[in-house]
Structures are given as C-alpha cells and as structure tokens.
Amino acid sequence: PTPLSSLELGCAALAAILTTWSLLAVGLAQLGLFQAWAVAAAVVIACAAGWGVWRHLNPIAHSTLRRETIFLTILLVGGGLLYSWPAEEFPQNGDASIYPNTATMLLRTGGLAYHYAPLDGLTVEQKELFYIPADSQLRTMEIQSYEGLLYGAYYLVDPDQNTIVSSRPPLTIVWMGLLGMLAGEQVMLYVPALFGTLSLVTVYFLGKRLFGAGAGAVAALWLLVSFPQLHFSRAPYAEVVGQFFVLSFLYALVTYWQTRRLMFITMGIAALTAAFAARIDTILAVPTLLLFLALLALKRDWKAVRVGLVGAVIAVAFTMWTVNRPYVGATAEILLGGQLQFVSQLPALAQLGMIAAGLGGMALLAWLVSRMPAAWRSGLFRWGLTVLVIAGVSYALWVRPLFPEYALRADGSLFATHSEEILATVTRYLSPVFLWLAAAGVILLAWRKHPRFEQILLLVFAASFAGPFLWKYTTARVYPV
C-alpha cells in the first residue's frame, strides 16, 4: 500500500472539515437556526475536527513528492479554469432554479420550511390557483407525499397553515447559503465549481491507493475533461456535491484497510451521510459499506466492526431527522408507480415470497460454491463476471435502445421515445470506447491472481451504480446525469 503523504493527509483533513460542516449546517437548517452566529460556530467546530484528523494521522505521514505537488497544482488550476465560469442561464430553467432560490430563502428565514403569506385568507379553490395540486401533477398517479407543487421549487405540505418546504435535499442548499452569506447571491453559483474541482483530487488519491499514482492521475485527467463533469461543475445542481462526498466515502474505506486507522471508518460513514443529504441516489453505495463491514467481521477486526455499526446507527438516525420527507416519499412513489410498479402490485405474501426465494437462492449458491475446489471457484467467478460484464454493456449499448418507452403528451396521447434515458445516449457525449475500457478494467481486475480487498470493494461500488445506470436513468440529452 502507498504511504500516506503529507499532502494527502492535508486533503483528508480538508475532507473532514467539509464533511463536518456539511452535517452541522444541515442540522442547523433543520432547526431553523441557519444564522451567522450558528454558521460561524459550525465553521469553528469543523476546523477543529480537521485539525484533529491532521494531528491524529500526522505521525504516519511521509513527505510529498515534488511531482505530486506539481500535478495536483495543475489539476486544481485546470479545474478552476474549466469550471469557475458558472452557467448563469441555468438557474432560470428546470431543476437548476431550485437550489439557488431555496438557498436565498434559507438566508432570509434560517430554515427550509416557510409560511407562504400570499395564501393567507384564501379559500381552497383560490389557493389552488397558486400551485399545482398533487393530484394534477402527473397524469398516471397522484402524489401522496405533499399537497402541491409551488413554482416548481417548493412543496406545499400543509394547505391549512400555508406551509411550504424545499423540494430538494438540503446539503447543496446550505453550501449555497454559506457562500451567499459570505459574498452575495451570485457567488452561490460557484458551489458546483468548488466541489467539481475537489472531486478531481479525491479521484486522484483514490486511484493512487487502489492502483498507483499513474492510474490516479489518468482517472483525474479524464474526469477533468469529461463532458458531464464540465456540465455539472458549471450548473447549479447537486450532482458534483454528492460525487465528492461519495468518493470521499470510498476513499476512507480503502485507506482504513491499508492503514488500520479507525478514524477513516468514522470519516467514511460521515461522508456517506453527507452524500445522501446531497443526492439520495448515493444510497446505492450502501452495499459497499455492508461488504466492508462483513469482511471486517471475517478478519475478526471487531473493534472496527463496532465503530462501523455505531457510526451507521448514528448516520441513520441523523438522516431520518434531516431527510426531506416529501422529496424522498414522492421519489419512492414515482419509482413504485413506474419502474418498480410490478413490485407494488404484488400481494404482500408474494413480495415476502420473492424476498425469501432470493435469499434462499443466494444461500444455495453460496453452499454450492463452498463445496467446489478452490480452482473451480476462482474460474467460475472470473468467467462468470467476464460474461456478465460483456453481456451487460452490450445490452446497454445495442439492445436496450431498440425498445422504446412511451411518454404522455399534454392531450393524453402516447409517443415513443428512444435512447433518451439510457447509457447509450451518454456514449454519444464521449465514446463507447470509454465504457468498454471500464468494462475491460473490471475484467482484468477479476483475472488477477491476487486482487486486493480494496479493489474488490471498488468492483462492488461500481456495480451498485452500474446496475441501474445500464438499465434506465435520467441521462437525457439535456440532462446528462
């Protein structure tokens, strides 16, 4: 394993500061206390946390190579030049308008729930002229998690008290609130540029720990010029904010396995909690955490298991307290009414039967594999993964686009859409070569004689996100998530 350099330690301390402040700020917004004195106190606490990480890990740090310092300087300057001109037209359109406008309300009120005075004294029928009722928002279903959608940016949750709440997760909003508090509303638009640039450094150090400095450098440079990274680092969305924290989560787990410093487990779980507060789809990283804890148990590293379990319980409790319930609830409703509709239509006993059958099949497969000779197990894993990866990528690129999906027009008629929301569209921004290179990397890793645990962790992390991405996700031409 690569020794921890002093520069890498500094970046880890910075990640600890950003994570700590993020969680404190989300808590302050939840309490309605996002005010200058409280924000300043959170900054002091976060800096103390970063100093604690530095002091604790400094004894194992080594001097930084000059070429690494030069490369990271080039990376930061490149990210700053490419990302630091915000696309100011985007806040006027679609979801991009939500984050800066909600951050402005956060600065005015100190919280994420507001009383909407224009509705005072109106009848129910008159109030509905101001917002889209939940039963009219979608033609195919009625949203139950809120009463209406106001300006496309706020959820009306209590029409009697005229209470509205933010319609997006809070983390990006509080960061925009911080920059707006320090330097004005226009500076809010630099939050994506900040985290998009910091993600480049995280990718470098993650790649360095997994495969060496050369691989980390190549990955960071590819990410630097990736079209989706350019798009979302200039537009006021939450994608790159969640990206930074979920990559910090994976980096922390990998670094713990190499250094056995318990602080990295705490940092990793905190980073995953922050990532979920930015983008709820980062819940797809949970299988990586479960595998990490399971393998710690197999290694009988019980102290680390206890730290991980306690951290996970605290993270779940914090998330349940601060989560945007109308947003998460509506997302779940749309999923269960769309892609997962077949699940919601099954009787409860059938759902339990499917779960039991799945668990039973996995147990049977594990038992059969355990009875095989070691050479057979290794061959089955390698060939099975190779076939699965090739088949999955081939399906995503060439088979899936052949089957249209149908969307509703305003008049109620259906029209077919092709390739707008699947990974095949993304390859038009880049090249199918990138996807096949990634697939080749997975296959080559599986065929190594002695792959390291950290690299297996990376495979699970990638597979958890690739599953839905290869099938269906919001990768439309105007929104390359």
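In the hairpin formed by S3 and S4, three residues lie between the strands, and Tyr-151 takes a positive phi near 55°. Strands here are DSSP runs of E with at least two residues, helices are DSSP runs of H or I with at least four residues, and both are numbered from the N terminus. This is a predicted model, in which local features need pLDDT of at least 70 and side-chain atom pairs count only at pLDDT 80 or more, whereas totals for chains, interfaces and linings use all residues. Residues are numbered from 1 along each chain as its sequence is written, and side-chain values use heavy atoms, with hydrogens and water left out.

The hairpin of S4 and S5 has four residues between its strands, and there Asn-162 takes a positive phi near 60°. The strand pairings, where two strands pair if DSSP finds at least two bridges between them, are set out below.

| Strands | Sense | Bridges | Residues standing opposite |
|---|---|---|---|
| S3 (residues 148–150) and S4 | antiparallel | three bridges | Leu-149 and Tyr-155 |
| S4 (residues 154–158) and S5 | antiparallel | four bridges | Tyr-154 and Ser-166; Tyr-155 and Val-165 |

Strand S1 (residues 113–115) includes Ala-113. Leaving aside neighbours within four places in sequence, Ala-113 is in contact (heavy atoms within 4.5 Å) with Ile-164 and Val-165. The C-alpha atoms of Ala-113 and Ala-29 are separated by 9.1 Å, although these two residues are 84 residues apart along the chain.

Turning to the helices, H3 (residues 66–83) packs with H8 (residues 191–211) at an angle of about 150°, their axes being 9 Å apart. Axes are lines fitted to C-alpha atoms, for helices over the stretch in contact, and angles run from 0 to 180 degrees between N-to-C directions. H3 and H8 are therefore roughly antiparallel to each other, a term applied to angles over 145 degrees. Their crossing is right-handed, meaning that the near helix is turned clockwise from the far one by less than a right angle.

On the H3 side, the residues that meet H8 include Phe-71, Leu-72, Leu-75 and Gly-79, and on the H8 side those that meet H3 include Gly-196, Leu-200, Tyr-204 and Lys-208. By class, this contact of H3 with H8 has 10 nonpolar, four polar and two charged residues, where Ala, Val, Leu, Ile, Met, Phe, Trp, Tyr, Cys and Pro count as nonpolar, Asp, Glu, Lys and Arg as charged, and the others, Gly among them, as polar.

Methods
Parallel < 35°, antiparallel > 145°, perpendicular 65-115°, else oblique.
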